[in-house]
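Here is a brief report on one protein model.

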Amino acid sequence: MSASPEILAQLTPAMRLLVQRMAQAPYPPMHTLTPQQAKLAYAKSVGVLDVPKPELARVQDLGIPARDGAALHARLYAPTEAQGLPVLLFTHGGGFTIGSVDSHDIFCRVLSSLSGAAVLSLDYRLAPEWRFPTAVFDTWDALGWLAGEGGRALGLDTSRLAVGGDSAGGTLAAVAALHARDQGIPLALQLLIYPGTTDHQDTPSHARYADGPVLDKALIDWFFAQYIDEADRSDWRFAPLKSADVDGVAPAWVGLAECDPLVDEGVLYADKLRAAGVPVELEIYRGVTHGFITMGRAIAEARQLHHDAAQALRKAFS
C-alpha cells in the first residue's frame, strides 16, 4: 500500500499525511490475513478518523426476513420520532467481505441528521461464508420489505424511498435500483459513493492506483476471490456496467474519490445512466482516496461529501 511520490503529490496535504502515517503503521496488509482476521482488524479500526457521533432521536435495531428464512440485522436511524419520514436503504462497503452496520454507524447517523430522513442500514451477509449472489438477494429482500409492510410498520413514508451505499455497498445499491425498476418499486434516488461497477478491474485508474494508496490491486483481488467465482463476474448483479438496459432507473447522485482505482468505473456508470436519459449528479472529490467518507475528523472532503449527499437526499425527497 506504498504509493509513489507522483501519486502522493496528487493528494491533499491532509490526505497525504494520513496515507504516510498509515504506511508506517505496524500492521500486516489486509490481503495477507484470513477473512476472519480481516473482519476483526477492520472492526477495530473503525471510528478512529470519523467525525463525532451525532445523537439521534431514534436508533432501532431490527430483523428483516430474507428469502431463505434468515433474519438480517439492520439498524434504523431517524432524527425525530415523527411518523412519515422518507427513508434511505443503505448498504455498507467492505469488498463484500468486511464491514457492518457498526462500521458505518457514524456515517449513517450523520446522513440522517443532515438530511432529515430516516436511514435503514443493512447487515447483508458477507463472504466468504456467503458468496455471490447472497448479498444481492439480501439487499433486494430488504428493499422489498422496506417498500412494503416493513416500512409501513416502522411508520415510514414508503412512497419516498431511496437506496445508497459506498464501494461494494454502492454496487449493491446500483443493482437494487435496477431491481426496483423491474419490480415497479418507485425510488427517489440512488446514492452511489465510489461504487464498483465493472466485471474486471481494467480501467486506467486501476492501473494508475494499482499500488494504492488505501485500496490497491492486491486487496481488490483478495476481496473478489472471497466473494465471487470468475465465471460469474460478467453477471450484471456484480457489475452493473454490464447491464443491458438502465433506462428508467432512479435518478443518481454519484460521489467519487479522485485518487481511487474505482474512479473511472464510477464515471463510466454515470455516463451510462446519462446516455439512457437518467438524471445524474456527479461529484469527484479531488486529492482524496477510496474510503475517505469515514475520515471526516481529518479530511475536510469527507465532511463536504456528508453535506452534499444529505442535500441530494433532501432534494430528491422534497
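In this predicted model, strand S6 (residues 189-193) pairs with S7 through 4 bridges. The two strands run parallel. Within this pairing, Leu 191 stands opposite Trp 253 in S7.

Strand S7 also pairs with strand S8 (residues 280-289). Here 7 bridges join the strands, and they too run parallel. Ala 257 faces Tyr 285 of S8 as its opposite residue.

| Strand pair | Bridges | Direction |
|---|---|---|
| S6 and S7 | 4 bridges | parallel |
| S7 and S8 | 7 bridges | parallel |

Now the whole protein. It holds 11 helices and 8 strands. Its radius of gyration is 18 Å, close to the 20 Å that the globule rule gives for 318 residues, so the protein is as compact as a globular protein of that length. The C-alpha trace spans about 50 × 45 × 40 Å along its principal axes.

Burial and contacts come next. Of the 318 residues, 58% are buried. Take the contacts between residues at least 6 apart in sequence: 78% of them join residues at least 24 apart.

The protein carries 26 positive and 36 negative charges.

Note on methods:
Residues are numbered from 1 along each chain as its sequence is written. This is a predicted model: local features need pLDDT of at least 70, side-chain atom pairs count only at pLDDT 80 or more; totals for chains, interfaces and linings use all residues. Side-chain values use heavy atoms; hydrogens and water are left out. The radius of gyration is taken over C-alpha atoms; the globule rule is 2.2 Å times the number of residues to the power 0.38. Buried means under 20% relative accessible area, exposed over 50%, partly exposed in between (1.4 Å probe, protein chains only). Contact means heavy atoms within 4.5 Å. Lys and Arg count as positive and Asp and Glu as negative; His and the chain ends are not counted. The place of a charge is taken as NZ of Lys, CZ of Arg, CG of Asp or CD of Glu. Two strands pair if DSSP finds at least two bridges between them.
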